[in-house]
Amino acid sequence: MIWIGIALSLSACSAGSGSTSSSVTAEKNAQSTARAACDTGTAIAAGKRLRISATVAPITSIVANIAGEHADIAGLVPEGTNSHTFEPAPSVAAILAKTDVLFVNGLLLEEPTKDLAEQNLSNGAVLCELGTAALPVADYIYDFSFPIEGGKPNPHLWTNPPLARQYAEIVRDVLVRMDPAHTDAYRSNADVFIARINQLDAAMVAATATVPANQRKLLTYHDAYAYFARTYGWTVIGAIQPSNFDEPTAKEIANLITQVRKTGVPAIFGSEVFPSPVLEQIGAEANVKYVDVLRDDDLPGKPGDPSHSFLGLMQFDYITMVDALGGDAAALKALDISDVNIDTAEYPQ
Ligand SMILES: [Zn+2]
């Protein structure tokens, strides 16, 4: 099903909360919440090294910051792939069988990975759904790309710093419980990392104030900033990517060009993970700037680069948005985005 026309004509009331859940969706959400289960599992034996797996790269990076040198961390979703349709290879079963803690986002983002995990995790292991544990169902956002009829809420919580802070707190608590021998390290790593998230949050508030109020509008290709927009008082006026992740048709593109002109936005934003040749055409014909580099689960640079991190990802996106919409990104550019520890997690490419 295609949501483009609806997306752009609903500009005044976009990104509403999920308080009108249908009963089917509510039931799915209730099941999902029950499975968040971050507080289960059996602590590993003293002297044993904690083995962690995580799904998308921003979550892997958050975990790596807090675990530091005390755990082995395997990322499961290769960077640059579509995490919304990702299916793990059967070989991932062997990794999961040796995993003590699996961190996923939840909100129904990684169901195939969860299914494989439920068949392969050992008895004492934890399957922790960070987003599902962090956000009450009543605060879920359903929108153009994640319509309530589809039953899957918008899962992009980590692009919103207050929710990312909750992810970090949950990760800290799980690591302390599963590997109590390194409690002090996990707590102090988390303190430093959470302080950096708080600085990111404050910088985004400061940068938002410099963007003209009538330009705090996001028209993105991939719909990854709904919770961010709600926190900082921005408006998501639409998402171009149809909910089935196909390209829009020629007729839809023509409608879209008309609608983009009407919104008066100075820029539209493409996605690094989903290159879309039609976006450039839409930008040119609607006479707005086309910025094609936003990313939501593909970290900047390569593993080992200083910016290849959750904080680097968010700093890059926010600077890109603020610059393109006429604001001053100085507060964001001044941030310390360095990792708390040397990040030794494996990030499949
Ligand atoms: Zn996404």
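Good morning. Because the model is predicted, local features are taken only where pLDDT is at least 70 and side-chain atom pairs only at pLDDT 80 or more, while totals for chains, interfaces and linings use all residues. Residues are numbered from 1 along each chain as its sequence is written.

Let me start with the overall picture. The secondary structure amounts to 13 helices and 8 strands; these are DSSP runs, helices being H or I of at least four residues and strands E of at least two, numbered from the N terminus. The protein has 349 residues, of which 50% count as buried. Buried here means that 20 or more other C-beta atoms lie within 10 Å of the residue's own; exposed means 12 or fewer, and partly exposed lies in between, with C-beta atoms placed from the backbone. Among contacts with a separation of 6 or more, 71% join residues 24 or more positions apart. A contact requires two C-beta atoms, placed from the backbone, to lie within 7 Å.

Strand 3, residues 101-104, pairs with strand 4 in the parallel sense over 4 bridges. Within that pairing, Leu102 stands opposite Leu127, and Val101 stands opposite Val126.

Which way do the residues of strand 3 point? Val101 and Phe103 point one way, Leu102 and Val104 the other, and all are buried.

Next, helix 5, residues 111-120. Its buried residues are Thr113, Lys114, Leu116 and Ala117. Viewed down the helix axis they fall within an arc of 165 degrees, so they line one face of helix 5; the arc is that of the directions from the axis to the C-beta atoms. On the other side, Pro112, Asp115, Glu118 and Gln119 are exposed. The cover over the buried residues includes helix 4 (92-97), strand 3 and strand 4.

Leu96 is found in helix 4. Leu96 counts as buried because it has 22 C-beta neighbours inside 10 Å. Leaving aside neighbours within four places in sequence, Leu96 is in contact with Ser53, Leu102, Leu116, Ala117, Asn120 and Leu121.

What of the nonpolar core? Such a core is a set of buried Ala, Val, Leu, Ile, Met, Phe, Trp, Tyr and Cys residues joined through C-beta atoms within 7 Å. The largest one has 102 residues, and Val63, Leu102, Phe103 and Cys128 touch the most other members. Domain 1 (41-196) and domain 2 (203-333) both contribute residues, so this core lies between them; the domain bounds come from an automatic or database domain assignment. Not counting residues up to four places away in sequence, Cys128 touches Ala37, Cys38, Val101, Leu102, Phe103, Ala133, Ile170 and Val174.

Finally, two backbone details. Leu107 has a positive phi of about 50 degrees although it is not a glycine, and its place is in the loop between strand 3 and helix 5. Phe245, in the loop between strand 6 (235-239) and helix 10 (250-263), is a residue other than glycine with a positive phi near 70 degrees. Is each of these buried or exposed? Leu107 is buried, with 26 other C-beta atoms within 10 Å, whereas Phe245 counts as exposed, with 12 C-beta neighbours inside 10 Å.

Thank you for your attention.

Definitions and conventions
Two strands pair if DSSP finds at least two bridges between them.
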